[in-house]
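The structure comes before the description.

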Amino acid sequence: MHQEVVMAGAGGDGIMMIGQLLAHAAVLEGKNIVWFPSYGPESRGGPADCTVILSTDEIGSPIASTPDVLIALNQMQLDKHAPTVRREGLILLNCSLAVPPKDRDDCRVISIPASEIAEKAGAVKATNMVMLGCYAAVAKPVTLESIIKALPEVLPAHRHNLLPVNELALQRGAEMGVG
Amino acid sequence: MAERVLMKGNEAIVRGAIAGGCRAFFGYPITPQNEIPECMSRLMPKAGGVFLQAESELAAISMVYGAAAAGVRTMTSSSSPGISLKQEGISYIAGAELPCVIANVQRGGPGLGNIAAAQSDYFQSTRGGGHGDYRTLVLAPWSVMECYTLTAEAFDIADEYRNPCLVLLDAVIGQMIEAIEIPDWKPKVPPKPWTTTGAKGRPANVVNSLYIIPSDLEEVNNRIQARYKHAAEHLTRAQSIRTEDADVVLVAYGCSARVCRSVVDMARGEGIRAGLLRPITLYPFPTREIDALAERGKRFLVVEMSSGQMVEDVRLAVEGKSEVRFYGRTGGVVPAPAEIVEQVKAMAKASSGSTTVNRQPTTVN
């Protein structure tokens with residue numbers, strides 16, 4: 001098992017967090033992981049992405065130049081990263097804020113209204129969790145149970161009051177992936 | 001089995017340093033190494049040590065000089081432009097025969113460059129960097145685990161050789177997170193009879209790099225050079241991956257070596273016997289290991305995130321016995337495995353097609 005995923009959104013979307021959540025879940029399952037961030041000097045609003053590579057083998061390059069999976073939270077990031085996804089890869093996009101790419105019919109493209117789903121689940125800020133939940137259900141890099149189990153490790157202690165809404169958002173996203 | 005914990009490379013530098021006995025850290029902020037002072041500021045006081053954010057890089061390295069003279073295991077960290085600023089102090093520390101550890105999380109250059117990963121400080125790191133006849137001993141981690149272990153060990157090495165030891169990484173190795181198992185580390189601290197710890201009951205120790213009489217200074221230089229000779233014999237370290245039957249041996253360190261690790265498998269998947277020789281010490285350089293491979297007719301492709309610096313050491317090791325090619329990306333660009341596989345393929349084709357080989361280095365940017 002070897003999967004390279006790029007997660008991309010805007011600063012403040014919690015991109016680094018879902019990357020780290022996936023990484024923690026993978027460690028719980030005994031897998032090897034590399035997480036690598038990329039962002040500019042802005043703390044909010046600028047493009048932010050991270051790469052997570054999960055593998056049952058030793059991981060070489062920590063950079064995914066042709067990722068298996070792209071999780072894009074907005075149009076700008078989708079446009080930027082969609083061309084890099086490998087042929088027959090997976091593109092998962094938040095269609096609340098982006099329209100599917102026209103030129104990637106060689107990939108599996110899944111569009112979900114993640115912002116709206118998150119809002120209905122109780123917090124639009126949990127859009128990142130909806131996307132991660134959906135990805136987990138579709139590509140099965142780790143189980144949803146491992147992600148939920150890792151959540152308290154990644155969410156800082158003073159935010160643990162938000163565990164239930166994040167868990168719900170993960171589950172709502174997963175339901176979209178199963179359906 | 002110890003528990004696996006997720007950690008950033010920069011944080012592993014800090015935890016490795018504290019495990020290695022570091023009790024005085026002096027820093028100044030610069031991206032992409034800021035997690036080092038940030039994490040130091042939290043953990044060093046708990047370890048009973050000193051964390052101090054200096055007013056400048058020059059002040060930080062001078063504080064390191066002072067702490068080292070007092071016999072404390074001490075460290076500073078920075079990224080490329082900040083390391084340039086510290087060179088005067090590093091030369092003084094080397095001249096005063098003091099141990100210290102310096103971490104350089106390299107970024108794109110020259111000048112202010114950018115905050116992305118690069119390996120263009122190889123010359124500065126391995127040739128001394130500042131003025132005078134000295135070198136820094138250079139360790140190059142390629143994983144978060146090695147960020148921890150090599151930094152811890154750097155303190156033993158610096159003490160043993162009474163010389164600055166540089167841990168050279170780049171923005172990728174410093175910023176990436178991997179799972180590591182925290183080792184049970186025991187620092188090896190030699191006696192330090194030369195420290196300025198108060199001269200009560202003994203003659204005063206003097207720590208200085210000023211020697212007015214040329215023959216005195218030559219004696220100091222000879223002593224320093226003898227240590228480097230010892231280091232070349234005893235400290236040199238490299239990792240060989242599938243070089244045994246390889247036709248093309250990639251030579252790379254740090255982030256480039258990680259990319260080349262993928263290249264080895266990809267090239268072998270296409271029927272090309274590729275291997276990887278990864279220098280772990282950049283100074284002393286694994287000259288003998290590379291020479292031994294050249295003797296056996298291996299051909300080399302050196303991959304760096306620079307316009308070609310370590311390749312010079314590889315050529316010095318090979319001494320014209322075999323072909324040495326170069327592939328580099330600069331400015332913060334990390335080469336993709338596929339680009340390097342193309343270079344390996346071109347090399348393999350050149351050898352099977354005819355006996356005439358291109359002995360000129362290939363630079364692609």
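## Chain contact and helix packing

A:Val34 stands opposite B:Glu178 in S8(B). The model is predicted: local features need pLDDT of at least 70, side-chain atom pairs count only at pLDDT 80 or more, and totals for chains, interfaces and linings use all residues. Residues are numbered from 1 along each chain as its sequence is written, while chains are lettered from A and ligands numbered from 1 in the order in which they are written.

Strand S8 (residues 177–181) of chain B runs antiparallel to S2(A), and two bridges join them; strands pair if DSSP finds at least two bridges between them. Helices (H or I, at least four residues) and strands (E, at least two) are DSSP runs, numbered from the N terminus.

Across the interface, 15 residues of chain A are in contact (C-beta atoms, placed from the backbone, within 7 Å) with 16 residues of chain B. S2(A) gives the most to the chain A side, with six residues.

| Item | Value |
|---|---|
| Angle, H1(B) (residues 9–19) to H7(B) (residues 144–161) | about 30 degrees |
| Distance between axes, H1(B) to H7(B) | 7 Å |

Axes are lines fitted to C-alpha atoms, for helices over the stretch in contact, and angles run from 0 to 180 degrees between N-to-C directions. H1(B) and H7(B) are therefore roughly parallel, a term for angles under 35 degrees.

Technical notes: Angles under 35 degrees count as roughly parallel, over 145 as roughly antiparallel, 65 to 115 as roughly perpendicular and the rest as oblique. Two residues are in contact if their C-beta atoms, placed from the backbone, lie within 7 Å.
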